[in-house]
Every structure is written in structure tokens, then in C-alpha cells.
Amino acid sequence: MRDIVNEQDEVVGQAAKEEFSTGELICRVAFVMLANRSGELLLHQRSAKKKAYPLYWSGAAAGHLHSGETYEEGARRELREELGIEVPLEYVGKFYSAPDREMVGIFLGSYDGPVQVETHEVERVEHFSPQHLAEKPPDMRVTSFVERSLPLILPRLREADGSPTPQTRR
């Protein structure tokens, strides 16, 4: 079961996973970005077999929340399930994705070790510099979650490495 939410992220009911396929109900998603010590973000390229966003680049982990689960609990669960890791996470913010009918909670973590990917869901994983992602080459297709998360994530990466953030530049 998943919680049904409105556009203000208020729980208004519960439904089975299958009931969300009609596109009428809004559910919650946890979306995790991971940075390494160099400030590069780990992205995974989705499998060509995925219905949504095949071969698009997405964050380190993401998934729908179970009914009653918090965004942070869901983010931690998805990291364990999808990458086999546990790291401290910082809540960055959330947004409503109207095309996907999903309320998305964004988290940022730091990780430099190996990952165990689900090969049936992931083509490959790579690290990308913030500059590369900000300038995104035309042939690099990223999910809407990455697009919407980068403006929230990139300033935090600049703060961590001591570079001036857009708000502090003169």
C-alpha cells in the first residue's frame, strides 16, 4: 500500500500500487543523490527495458514510499535495496512532479565506496562533476527528477568544497 497525497503533500488516503497506474492519484517518492569526496555526483543509467525513462540518467537511488513511511525512511530503504549501502543523508527539499503525479523528497549523501547495482534495472553507474551536469551535453538525457534536483543539490556541493555559491558571488 502507498499513501495518496494531494499537491500540498497531505495524506488523503491509501491505495495499492496498481491503482496509481491510472495517473489520477499522487504518491510519494524518495530521491537520493550521492556525492564523492571530489564533489562528483553518482548517477545511474536506467535499463533500456524500463517503461519510464529508459536509458536516462537518474540519481543514485529512488523509489515509492510505502504507506506511513517518511521520506527519510524511504530514502534509506532505497539505498539499501538498490546499492547495498547506508550513509548519513541530508534532506534537501521536495517538489511536485505533475507529469509523473509524484511528490518527490530529495536527499543528498556522501559516499566513496563500491556499490552493488541491480543489473536488471541499471545499465551502468558513473560519477559526473557538477560543472558537467550544469552544462549537460545535448546527448545526455536525464530524468526530470535529476533536472529538478540539481538546482537544490549543486549549491550544497559548492558549499562543501568552499567554492562560492551563486548567492555569495559578487
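Does Y56 count as buried, partly exposed or exposed, and at what relative accessibility? At 23% relative accessibility, Y56 counts as partly exposed. This value, like the others below, comes from a predicted model.

## Aromatic pairs

Y56 takes part in an aromatic pair with Y53. The structure holds 5 aromatic pairs. In the pair of Y53 and Y56, the ring centres are 5.3 Å apart and the planes stand at 65 degrees, so the pair is edge-to-face. An angle over 60 degrees is what that label requires. Y53 is partly exposed as well, with a relative accessible area of 26%.

W57 and F128 form another pair, with ring centres 5.0 Å apart and planes at 80 degrees, so this pair is also edge-to-face. The two residues join distant parts of the chain: W57 lies in strand 5 (residues 57-58) and F128 in strand 9 (residues 122-128), 71 residues apart. W57 is buried, at 6% relative accessibility. F128 is buried too, at 9%. Both values fall under 20%, the cut-off for a buried residue.

A single aromatic cluster is formed by F31, F95 and F145.

## Salt bridges

The structure holds 11 salt bridges.

| Salt bridge | N to O distance |
|---|---|
| E69 and R77 | 2.9 Å |
| R156 and E90 | 2.5 Å |
| E126 and R124 | 3.0 Å |

R156 and E90 are each partly exposed, with a relative accessible area of 26% for R156 and 35% for E90. The closest N and O atoms of R156 and E90 are 2.5 Å apart.

E126 and R124 form a salt bridge whose closest N and O atoms are 3.0 Å apart. E126 is partly exposed, with a relative accessible area of 28%. R124 is partly exposed at 42%.

## The largest pocket

How much space lies in the largest pocket? The volume is about 1,300 Å³. The lining of this pocket is made up of 42 residues, and R2, R46, K50, H64 and E102 are the ones that lie nearest its centre.

By residue class, the lining divides into 17 nonpolar, 10 polar and 15 charged residues.

Several elements contribute to the lining. Strand 3 (27-35), strand 4 (41-46), strand 6 (61-64) and helix 1 (71-83) each supply at least two residues. Which of the elements gives the largest share of the lining? Helix 1 does, with 5 residues.

Note on methods. Residues are numbered from 1 along each chain as its sequence is written. This is a predicted model: local features need pLDDT of at least 70, side-chain atom pairs count only at pLDDT 80 or more; totals for chains, interfaces and linings use all residues. Side-chain values use heavy atoms; hydrogens and water are left out. On a 1 Å grid over the protein atoms alone, a cavity is a set of points where a 1.4 Å probe fits but cannot get out, and a pocket is an open set with protein on both sides within 12 Å along at least five of seven lines; lining residues have an atom within 4 Å of a point. Grid points are joined across faces, edges and corners, and a volume is the space filled by probe spheres set on the points. Helices (H or I, at least four residues) and strands (E, at least two) are DSSP runs, numbered from the N terminus. Ala, Val, Leu, Ile, Met, Phe, Trp, Tyr, Cys and Pro count as nonpolar, Asp, Glu, Lys and Arg as charged, and the others, Gly among them, as polar. A salt bridge is a side-chain nitrogen of Lys or Arg within 4 Å of a carboxyl oxygen of Asp or Glu. Buried means under 20% relative accessible area, exposed over 50%, partly exposed in between (1.4 Å probe, protein chains only). Rings of Phe, Tyr and Trp (its six-membered ring) pair if their centres lie within 6.5 Å; planes under 30 degrees apart count as stacked, over 60 as edge-to-face and the rest as tilted.
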